[in-house]
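Have a go at each task before reading its solution.

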Amino acid sequence: MKTKIIVSACLLGENCKYNGGNNKNEEVIALGERFELVPVCPECFGGLPVPRVPSEIRQGMVFSKNGEDLTEQFKTGAEHTLYIAKECNAPAALLKERSPSCGFGKIYDGSFSGKLCDGNGITAQLLFENEIAVFGESSIKKLISLYS
Ligand code: SF4
């Protein structure tokens with residue numbers, strides 16, 4: 001039986017991104033040969049629509065570009081993702097880099113100017129706190145070496 005890995009649905013080509021598009025990545029899709037990929041979109045799980053106004057994290061809270069506090073929706077999406085990860089016993093997650101939900105290590109700094117800062121998206125942080133290893137799309141090789 002293949003190991004289950006949580007994957008940001010937008011990396012698999014789902015049109016769940018804020019602008020209605022996706023972040024389809026063939027290298028991520030090819031991981032399906034080694035692992036059972038379990039797609040998640042925390043922002044959709046949190047009840048946010050597609051398309052939606054983009055959001056960024058500022059001082060631990062999530063705000064849309066038009067100033068709406070969406071922290072609760074992001075937290076709901078994170079909890080839902082964690083529930084799925086636990087249910088399928090996934091040891092790791094491959095999440096879209098820099099997103100306010102899925103980013104790990106570097107995220108946009110809250111100024112909506114394209115600048116990055118150190119930090120984790122709300123879902124990435126919750127998975128990490130629950131001992132699920134988090135990888136971004138630029139560290140696929142590391143994930144393969146550790147889990148296949
Ligand atoms: Fe992709 Fe994550 Fe954003 Fe959903 S929340 S569109 S999975 S980066």
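**Exercise 1. Which residues does Ser-101 contact, leaving aside its neighbours within four places in sequence?**

Solution. Step one: list the partners, taking contact as heavy atoms within 4.5 Å. Ser-101 is in contact with Pro-42, Glu-43, Phe-74, Gly-121, Ile-122, Thr-123 and Ala-124, once neighbours within four places in sequence are left aside.

Before going on, a note on what you're looking at: this is a predicted model, in which local features need pLDDT of at least 70 and side-chain atom pairs count only at pLDDT 80 or more, while totals for chains, interfaces and linings use all residues. Residues are numbered from 1 along each chain as its sequence is written, and side-chain values use heavy atoms, with hydrogens and water left out.

Ser-101 sits in the loop between β5 and β6; helices (H or I, at least four residues) and strands (E, at least two) are DSSP runs, numbered from the N terminus.

Step three: check burial. Buried means under 20% relative accessible area, exposed over 50%, and partly exposed in between (1.4 Å probe, protein chains only). Ser-101 has a relative accessible area of 1%, so it is buried.

Step four: turn to one of the partners. Ile-122 touches Ser-101, and also Ile-57, Val-62, Phe-74, Lys-75, Ala-78 and Pro-100, not counting residues up to four places away in sequence. Ile-122 is also one of the buried residues of α4, along with Thr-123, Ala-124, Leu-126 and Leu-127.

**Exercise 2. Which members of the largest nonpolar core touch the most other members?**

Solution. Start with the term: a nonpolar core is a set of buried Ala, Val, Leu, Ile, Met, Phe, Trp, Tyr and Cys residues joined through side-chain atoms within 4.5 Å. The largest one has 23 residues, and Ile-6, Phe-74, Ala-93, Leu-95, Ile-122, Leu-127 and Ile-132 touch the most other members. Next, look at where the members come from: β2 (36-40), α3 (71-87), β5 (92-95) and α4 (122-129) each give two or more residues. Finally, there's a second, separate core of 13 residues, with Val-28, Leu-31, Ala-92 and Leu-143 among them.

**Exercise 3. What is the strand order in the open sheet of four strands?**

Solution. Two strands pair if DSSP finds at least two bridges between them. Going across, the order is β2-β1-β5-β8, with parallel pairing. The edges are β2 and β8 (133-136), each pairing on one side only. On average, neighbouring strands are turned by 30° against each other, direction ignored.

Now zoom in on one pair: β1 (residues 4-8) and β5 are joined in the parallel sense over three bridges, and Ile-6 stands opposite Ala-93 in β5.

**Exercise 4. Where is Leu-12, and what does Leu-12 touch?**

Solution. First, location: Leu-12 is in the loop between β1 and α1 (26-30). Second, accessibility: its relative accessible area is 24%, so Leu-12 counts as partly exposed. Third, partners: Leu-12 touches Val-7, Val-28, Ile-29, Leu-37 and Pro-39, not counting residues up to four places away in sequence. As a distance check, Leu-12 and Leu-31 are 19 residues apart in sequence and 10 Å apart in space, C-alpha to C-alpha.

**Exercise 5. Which residues have a positive phi although they are not glycine, and where is the cis peptide bond?**

Solution. Recall the background: most residues other than glycine have a negative phi, and most peptide bonds are trans.

- Asn-89 has a positive phi of about 60°. Asn-89 is in the loop between α3 and β5, and at 67% relative accessibility it is exposed.
- Glu-131 has a positive phi of about 65°. Glu-131 is in the loop between α4 and β8, and it is exposed, with a relative accessible area of 73%.
- The cis peptide bond joins Val-50 and Pro-51, with omega about -5°. Pro-51 lies in the loop between α2 and β3.

Technical notes. Axes are lines fitted to C-alpha atoms, for helices over the stretch in contact, and angles run from 0 to 180 degrees between N-to-C directions.
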